[in-house]
Amino acid sequence: MNENETKYKIQEEYAKLRKTLKNVPEEKIKMAEELSGNAAFMAVTLRQLQDKIDKTGPISEYNHRAVENPAVKSYNTMVNRYSNVMAQLLNLLPKADQEKTVETAKQKELKRFIKQKAQVA
């Protein structure tokens, strides 16, 4: 993915997050925007790291020795930070919206899982 594609994907992800966070109280909007920007960047980067790990595998060879692919370490670190940022974003929403957002995320995850299993079969 080239630089322009990456920027476009980040903007798309940011727009999705902004749509989800439309009910954030006015006094928390600035914080939500900053967190959304970070989350969008991390989401795109995580996908890129996943692609790299899928292509090269979790183990690389370095000086004739098997070592962990550096992308795996980056992915593991970033996925934890991404989870924290998303939790912070969720906490900025009013309680009723938090519950709807969590339910929607679970539905999307289930659909993605079913789609992946259907492609394998």
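**Figure 1. Residues that meet where helix H1 packs on helix H2.** In this close-up, Thr6, Lys9, Ile10, Glu13, Tyr14, Leu17 and Arg18 of H1 come into contact with a set of H2 residues that consists of Ile29, Glu33, Ser36, Gly37, Ala39, Ala40, Phe41, Ala43, Val44, Arg47 and Gln48. The model shown here and in the views that follow is a predicted one. The axes of H1 and H2 lie 8 Å apart and the two helices pack at an angle of about 135 degrees, and H1 and H2 are therefore oblique to each other. The crossing that H1 and H2 make is right-handed.

**Figure 2. Glycine 37 and its distance from glutamine 11.** Glycine 37 belongs to helix H2, and its relative accessible area of 27% places glycine 37 among the partly exposed residues. Although 26 residues separate glycine 37 from glutamine 11 in sequence, their C-alpha atoms are 8.5 Å apart in space.

**Figure 3. The packing of helix H2 with helix H3.** Here the axes of H2 and H3 are 9 Å apart, and the angle at which the two helices pack is about 150 degrees. Because angles over 145 degrees count as roughly antiparallel, this value makes H2 roughly antiparallel to H3. The crossing of H2 and H3 is left-handed, whereas that of H1 and H2 is right-handed.

**Figure 4. The largest nonpolar core of the chain, with its 19 residues.** Within this core, the residues that have the most contacts are Val24, Ala39, Tyr82, Val85, Leu89 and Leu92. Two or more residues of the core come from each of helix H1 (3-20), helix H2 (29-56) and helix H3 (70-92), and H2 gives the most, with nine residues. In soluble globular proteins, nonpolar side chains tend to be buried together.

**Figure 5. Tyrosine 82 and the residues that it touches.** When residues up to four places away in sequence are left out, tyrosine 82 is in contact with Ala39, Met42, Ala43 and Leu46. Both Tyr82 and Ala39 are listed with the residues that have the most contacts inside the largest nonpolar core.

**Figure 6. Asparagine 63 and histidine 64 in the loop between two strands.** Asparagine 63 lies in the loop that joins strand E1 (59-62) to strand E2 (65-68), and histidine 64 is found in the loop between E1 and E2 as well. Most residues other than glycine have a negative phi. Asparagine 63, however, has a positive phi of about 50 degrees although it is not a glycine, and histidine 64, also a residue other than glycine, has a positive phi near 65 degrees. With a relative accessibility of 60%, asparagine 63 counts as exposed, and histidine 64 likewise counts as exposed, at 76%.

Figure 7. Followed from the N terminus, the elements of the chain run α-α-β-β-α-α. Of the 121 residues in the chain, 26% are buried, and the chain exposes about 9300 Å², of which carbon and sulfur atoms supply 53%. Among the contacts in the chain that have a separation of 6 or more, 58% are between residues 24 or more positions apart.

Key
Residues are numbered from 1 along each chain as its sequence is written. This is a predicted model: local features need pLDDT of at least 70, side-chain atom pairs count only at pLDDT 80 or more; totals for chains, interfaces and linings use all residues. Side-chain values use heavy atoms; hydrogens and water are left out. Helices (H or I, at least four residues) and strands (E, at least two) are DSSP runs, numbered from the N terminus. Buried means under 20% relative accessible area, exposed over 50%, partly exposed in between (1.4 Å probe, protein chains only). Contact means heavy atoms within 4.5 Å. Accessible areas come from the Shrake-Rupley method with a 1.4 Å probe; for residues, only the protein chains shown count as cover. A nonpolar core is a set of buried Ala, Val, Leu, Ile, Met, Phe, Trp, Tyr and Cys residues joined through side-chain atoms within 4.5 Å. Axes are lines fitted to C-alpha atoms, for helices over the stretch in contact, and angles run from 0 to 180 degrees between N-to-C directions. Angles under 35 degrees count as roughly parallel, over 145 as roughly antiparallel, 65 to 115 as roughly perpendicular and the rest as oblique. A crossing is left-handed if the near helix is turned anticlockwise from the far one by less than a right angle, and right-handed if clockwise.
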